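The sequence and model are shown first, and the comments follow.

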Amino acid sequence: MSVLVYAENAAGKFKKSTFEVVSYAKAVADQNNTNLIAISIGDVAADDLAVLGKYGAEKVLNVSNDKLKNFVNQAYASVIAEAAKAQGADVIVLSNSFSGRGLAPRVGVKLQAGVADGAVSLPDQNGEKFTVKKTAFSGKAFATVELTSANKVIALTPNSFKVVESGNTAQVEDFSVETKESDFKAMLKDIVQSTDKVSLPDAEIVVSGGRGLKGPENWGLLEELAGLLGAATACSKPVSDAGWRPHSEHVGQTGIAVSPNLYIAVGISGAIQHLAGISSSKVIVVINKDADAPFFKVADYGIVGDALEVLPKLIAAVKEYKASA
Amino acid sequence: MKILVCISNVPDTTTKITFTDNNTQFNTNGVQFIINPYDEIALARAIELTDGGKGTVTVINVGDAGTEPTIRKALAIGATDAVRINAKPHDAWFVAYQIAEYAKANAFNLILTGRESIDYNGSKVAAMLGELLDIPSVSIIKKLDAEDQQATVEREIEGGKEVLTIPFPFVAGCAEGVSEPKIPNMRGIMSARTKPLAVVEPVAVETFSEIISYETPAPRGQVKLVGADEPAQLIELLHTQARVI
C-alpha cells in the first residue's frame, strides 16, 4: 500500500503549503516503508509538477482537462478517491486549506475512511494503533484521534510541518478519470483576489491590530509594517464587528485560526477567544498600552506603549534592520 | 423553501478547557453550553431567507437530552421546528450519517451548517453530508443569496474569494459575513416552548475514528519586555534570539 498526497495549486502554481504537505506525506510514507504518489488537478506546468519530486514524491499523477480547470470539490474528490483506489493508496494526505476542508471529508466518505483534519503532527503508528494529533477547542487544546478504518485521510494544518527537501526526482504521468455530470453542478462565476497581500492562513508572519489602533484610518501603519516584514494583516473580532476591517481578516476562536512563526498583536488586549485562535503561533509579540493586558501572559516579547506611538518607531527600526542586513 | 440547519452544542467561548480521567474526557463540570457560533450564523441566514412565510427552518442536532436547552434556543431565535437525533455525537462521520438519513426522508432544498464547530474544530459535516446525499457542498461560505432555483454563494479562498452559483439542493458551511446572529426576543422564547421538537433514534453506523486523549499546549515562558522607545532591540531579539525574521 502507498501514500497519496493531493498537491493543491493556486492559479497553476504550487504554494508553500503544498510543499509542506508533500514533505509531510513523504515522512508518513517513510514510516511505512512505502512510496509516495502525488496527484495534481488543474493546469500546472510539467516542470512545476516534477518539482514535487524534490519534496519526496516518486510519482506525480497529472489530471488536466478543461472541466477540471477550476476547483469543484465534488469532482476533485472523485478524482482523488479514484486515484487512491487505482494506486492502492490507503493513506491520503491533503492540506487543511479552505479547499482541503471541502475535499478531505468527501474523499473520506468515498473511501469509507476516518478523517483526521487539523492535523499538527506526524501519525504515531507504533503498535496496533494509528493516531494523529490535531487541534481542538480552537487551539486551547490538542486531541489525539485514532483512525480505526482501513483507509485513512489526514488534512494537515498549514505551517505545522517544515518543508523538507529530499532530492528525489519524480516521474510525471497523465492520469484520467471518468467524471459524472452531476459532480459539476456548482458553477464558478468569478474569482476575486482581494489584493496582492500575503494570504492569512499561509502566512509565516502575521501583523494583527485591535481597538488600540483607534480607527480604520490608522491601518496604514499596520499595513506598512506588514509590507516590510512580508506579513499578512489580521484583526481582532471587535475590529471586524465595527467594520474597520473585513471579516476575512478576523483571527480568533470564531474567525481564522493561524499558526505563523511570528504573530505581532498591536493594540489587542487578548480576550480568551482571540488567544484561542493564535495560541499555536511559534513566537508572539504584543504591543499594548495596558501592562496588565492578558495578552502579555502568553507573549514571548512585549512593548508596553500606545500603538500609534510605538508603530512608527517599530517601522523605522525594521527599515534600519533591513537596510543593514 | 425548506431549510435544514445543523446545530452543535458546544462549550461557551470563554470556557477554560480542562480534562478528566487521565486526560481522556473533556471536563464538562461547570461548563455552559451554547449553539456553536458558526451554526448561529447559519440559523440567522436561514431565518432571513424564509422570512415572511417563504419557507420553513428545521434545526437538527445529534445529542442526548442534555442538548435540548440549546435546541430550544434555536427555536426561540426563530426556527420552525426541531429534531434531535438521540445519541451522543461520536465523530463527524457519525453526525453526518445520522443527519443524512433524516435529510433523505425529508427533502430539503438547502442544508446549512457552521463552517466548523469550536470544540473539535471539525469542518467535515457539511462536505460529508454533500457526499452522503450526492449533492454539491461548499465548506466555507461568506455570503449566500437565494434565487428561485439556485443560490449564489461566495466561497473563501486563500487571498480572495470565489463566486459560485449552485442549484438547490446543496449543503453550505457558513462563516462570518453570511449573517449576523439573532438574539431571541420574549415572544420567541415563549413560543419556543410549544414548537415541535421531534426525537429520533439513531441508525447503526460503523465507527471510523475515536479521540483517545487530550493535552493542553505547553505554557509559554515569561514575556520579555522591551522599552517603548527601543523597538530596535525587539527587532534584534526577533532576529538573533527567536530567529523569526
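How many salt bridges are there over all chains? Counting a side-chain nitrogen of Lys or Arg within 4 Å of a carboxyl oxygen of Asp or Glu, the total comes to 34 salt bridges over all chains.

1. Basis of the values. This is a predicted model, in which local features need pLDDT of at least 70 and side-chain atom pairs count only at pLDDT 80 or more, while totals for chains, interfaces and linings use all residues. Residues are numbered from 1 along each chain as its sequence is written, chains are lettered from A and ligands numbered from 1 in the order in which they are written, and side-chain values use heavy atoms, with hydrogens and water left out.

2. Extent of the interface. With contact taken as heavy atoms within 4.5 Å, chain A contributes 89 residues and chain B contributes 79 residues. The two chains bury about 7300 Å² between them, 56% of it on carbon and sulfur atoms, where buried area is the accessible area (1.4 Å probe) that two parts lose on being put together, summed over both. On the side of chain A, Phe98(A), Phe137(A) and Tyr301(A) lose the most area to chain B, together 12% of what that side buries.

3. Polar and charged links. Nine salt bridges are counted between chain A and chain B, and Lys180(A) meets Asp134(B) in a salt bridge with an N to O distance of 3.5 Å. There are also 44 residue pairs in polar contact between the chains, both residues being at pLDDT 80 or more; such a contact is a pair of N or O atoms within 3.5 Å, where within protein one must be able to donate a hydrogen and the other to accept it, and residues adjacent in sequence count only if both atoms are side-chain atoms.

4. Strand E9 (residues 141-147) of chain A and strand E14 (residues 209-215) of chain B run antiparallel and are joined by six bridges, and Val145(A) has Ile211(B) as its bridge partner in E14(B). Strands (E, at least two residues) and helices (H or I, at least four) are DSSP runs numbered from the N terminus, and two strands pair if DSSP finds at least two bridges between them.

5. A salt bridge within chain A. Lys85(A) forms a salt bridge with Glu82(A), the closest N and O atoms being 3.4 Å apart. Both residues lie in helix H3 (residues 73-87) of chain A, three residues apart, about one turn of the helix.

6. Backbone points to check. The peptide bond from Phe168(B) to Pro169(B) is cis, with omega near 0°, and Pro169(B) is found in the loop between strand E11 (160-167) and strand E12 (170-174) of chain B. Asn33(A), although not a glycine, has a positive phi of about 50°, and Asn33(A) lies in the loop between helix H1 (16-31) and strand E4 (36-41) of chain A.
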